[in-house]
Number of protein chains: 2
Amino acid sequence: MMKEQIISMAKQARKAAHGMLALSTQSKNRVLHNMALALEEKRDFIQKENEKDLVAGREKGLAAAMLDRLTLSDKVMQSMMNGLREVAALPDPVGEISDMVKRPSGIMVGRMRIPLGVIGMIYESRPNVTVDAAALCLKAGNAIVLRGGSEAIHSNLALAKVLQQALAEENIDPAAIQVIPVTDREAVNIMLTLEEEIDLIIPRGGEGLIRFVAENSRIPVLKHYKGVCHAFVDASADPAMATAIVMNSKTQRPGVCNALETLIVHVDIAEKFLPLVGKDLAAAGVEVRGCSETKAILPEVTAAVEDDWGKEFLELILAVKVVENLDAAMDHIVKYGSQHTETIITESYTNSQRFLREVDSSSVMVNASTRFSDGGEYGLGAEIGISTTKLHAYGPMGLKELTTKKFIVYGDGQIRS
Amino acid sequence: MMKEQIISMAKQARKAAHGMLALSTQSKNRVLHNMALALEEKRDFIQKENEKDLVAGREKGLAAAMLDRLTLSDKVMQSMMNGLREVAALPDPVGEISDMVKRPSGIMVGRMRIPLGVIGMIYESRPNVTVDAAALCLKAGNAIVLRGGSEAIHSNLALAKVLQQALAEENIDPAAIQVIPVTDREAVNIMLTLEEEIDLIIPRGGEGLIRFVAENSRIPVLKHYKGVCHAFVDASADPAMATAIVMNSKTQRPGVCNALETLIVHVDIAEKFLPLVGKDLAAAGVEVRGCSETKAILPEVTAAVEDDWGKEFLELILAVKVVENLDAAMDHIVKYGSQHTETIITESYTNSQRFLREVDSSSVMVNASTRFSDGGEYGLGAEIGISTTKLHAYGPMGLKELTTKKFIVYGDGQIRS
């Protein structure tokens, strides 16, 4: 019964996606603006449904931070409305034609950007993801099937209902945005087998949820497990610049995936640089876990253990290692990195180019804070997630990553000889 | 034991791939030319090993066509050598930088094309795939783990040995090209779980093998099951052009995936067009299986049954359906198509644009034969396969589809505020 219901929803999403191939940019933008208006108009309804989730959450004894993430306050409502209008303002990626060339046979061949089809989104507590993800998928011409957490089910269903009404008013099939009303793991398992109906799965949440999705999906999954970002301070680095970048990368927002977790320092600059950065780190309350060479220079720091390398601390702890040269630094990143973001601080042209070319993380930087690794900072407009696997998308994902390209051919009667 | 061996090979491939990130274009091209020379020099050894497979094949009673595909004749050897030199002549996709923009923060952000890493290739009888696939993967900077069919095992191992010697002479890790010596399904199953070591699986062979791979893989798979190509002859089509395109699409090489399988005809042109094309089809020995409207105009043809729609005949059989309008034609393609290649023959500007936009197959054409759907004809240089799933690549896949893009950032000390 539940299985049939989920299959039926996915089939309806596939049908809706087919109808969306012919949607005009104007129509998509109009409905996004109308959705923002509808959230305003239906605010009472949405917040009343949200209150049901909050009551249930309190009864279940959810932590205060969890309840906070669950709350659709006026501020969160406003941020969803702003998000809808920002997505409306983004350029429409669909229909763009590129690489058009004339071939010796006389045919013209190019590539046209098209929607992926149906996106399956699997996420945990924040109900605002429902609106943010639906908006991006709609703008890219995709239908979306959302499966949120059980704590947010009333909020998610209420938001979907409001969005669906806006779709219907624009004569778009409301099945383009659907929330699965069943929230147990079995519902996820069923979704993950529907490879004929769903083109892509995007999981968002803790590492446990993401691993579960990746291990059970028959549908392609775009995901990242964690962000273990490295900074390498090269021998030629400007110590003041290096200090500023390390401090910003580590402390500006330590709980996020693009925060710095391991600092690697060239041996030739270690004696000069480590005391400088060590003072600022201590002042900012950062616990340093250093290798033996680091401890020789900064005796007061904690000794690093093997488990500290490649660890995503997500708090004010920094692993620090001294290395002989650039190659040793890159070997450390290969061994312990997560393909998220790495930065080199250097004045050496050759080393900057080698680092950019030979480190194959999804974001590789020279003389900049790892905190810039973000769809908004990169100019993607809005971010649907980050991929640290190389297929289809690598790094922050925006609207274009929710599309693909087909080949188009203009002929005037050509046949193959 | 077998499991450990395959895991060990994949781990060595991962290590080799890492070393290949710094390979110069000159080095890759030199080794491709040296591989061609080595095939020439080691021709006797290779053909002697190939003879072992042929003897075993004859003993097993393989069909003549199968033995033919297995044979490394002088002609096939020459074609492999030419292939290696052609791949050397292709532009190197790796290192290309695009979309470089300056952001308000002052950082410069762009995308650099990089190798995917390790490709797993699973294929059936033709041993020349070993060389063709290895050459393309090498040029794109990837390591490759090949798992061919049991019938070709001596040939595949001999070819890999020769290619590996050429790699070693160029100081490239020979683990960049490896043939798994175990040919049962269990070896495939083990490969398909190594998601940490292998980035992409490309299966080539019958639908059974491809479905087995897709259903069991934890690694992303690029594949197409079949090609059920459609041509729609619109009311405004030039009948002579439509006839030429239909005949070429159906009969020029009926056994391949871009051959025409279903002809859809607008009712307003059916009475004029069907007798014309019917005569040529009959003369070429093509069996027509028509809908009732088709039979009303061409009474001599076979009546189509439901099973004929969406069928990949791969021989001189053509299903023919008369429809009311463009929408009905596109509905038929959605219902029965395989997302491979569809063409419209029309003089209507509006209908040509609607067909190009609303049909979301991997190749969509106007006034051209479906037989042009091919990496070589599209100018991709050489083809590693075709994808009819939309993630990462859609349509014929060339060198670029064996790569991905990472973000690169040039800063001069920027930190995030």
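Modeller: This is a predicted model. Start with the open sheet of 10 strands, which has mixed pairing. Its order is β1(A)-β2(A)-β16(A)-β13(B)-β12(B)-β7(B)-β8(B)-β11(B)-β9(B)-β10(B).

Colleague: Which strands stand at the edges of that sheet?
Modeller: β1 (97–102) of chain A and β10 (302–303) of chain B. Each has a single partner strand, so one side of each is left without a neighbour in the sheet.

Colleague: How do β1(A) and β2(A) run?
Modeller: Antiparallel, joined by 4 bridges. Within that pair, A:Lys102 stands opposite A:Met108 in β2(A).

Colleague: What does helix α11 of chain B touch on the sheet?
Modeller: Helix α11 (residues 267–283) of chain B touches β7 (229–233), β8 (260–266), β9 (287–290) and β11 (317–323) of chain B. Its direction makes about 145° with that of β8(B).

Colleague: And helix α14 of chain B, what does that one touch?
Modeller: Strands from both chains. Helix α14 (residues 349–358) of chain B packs on β2 and β16 of chain A, together with β12 (341–345) and β13 (363–368) of chain B. The angle to β13(B) is about 155°.

Colleague: Now the pairing across chains. In what sense do β13(A) and β16 of chain B pair?
Modeller: In the parallel sense, over 5 bridges. β16 of chain B covers residues 403–414. As an example, A:Ser363 has B:Phe407 in β16(B) as its bridge partner.

Colleague: What rotation superposes chain A on chain B?
Modeller: One of 180°, with 0.0 Å of shift along its axis. The RMSD is 0.1 Å. That is the relation of a two-fold axis.

Colleague: Which C-alpha of chain A is nearest the axis?
Modeller: That of A:His392, 1.9 Å from the axis.

Colleague: Switching topic. What is the strand order in the open sheet of 4 strands in chain A?
Modeller: β5-β4-β3-β6, with parallel pairing. β5 (177–179) and β6 (200–204) stand at the edges, each with a single partner strand, so one side of each is left without a neighbour in the sheet. The twist averages 20° from one strand to the next.

Colleague: How many bridges join β4 of chain A to β5(A)?
Modeller: 3, and the two strands run parallel. β4 is residues 143–147. A:Val145 has A:Gln178 in β5(A) as its bridge partner.

Colleague: Which strands does helix α1 of chain A lie across?
Modeller: β3 (118–123), β4 and β5 of chain A. Helix α1 (residues 2–19) runs at about 155° to β4(A). Helix α6 (residues 128–139) of chain A lies across β3, β4, β5 and β6, at about 160° to β4(A).

Colleague: Last one. In α10(B), which residues are buried?
Modeller: Among them are B:Met241, B:Ala242, B:Ile245 and B:Val246. B:Lys250 is buried as well. As for length, 13 residues at 1.5 Å a residue should span 18 Å; the end C-alpha atoms of helix α10 of chain B are 18 Å apart, which agrees.

How values were computed. Residues numbered from 1 in each chain as written. Chains lettered and ligands numbered in written order. Predicted model: local features only at pLDDT ≥ 70, side-chain atom pairs only at ≥ 80, totals over all residues. Least-squares fit on C-alpha atoms with pLDDT ≥ 70 in both. Pairing = 2+ DSSP bridges. Axes fitted to C-alpha atoms, helices over the stretch in contact; angles between N-to-C directions. Contact = placed C-beta atoms within 7 Å. Expected span 1.5 Å × (residues − 1). Buried ≥ 20, exposed ≤ 12 C-beta atoms within 10 Å, placed from the backbone.
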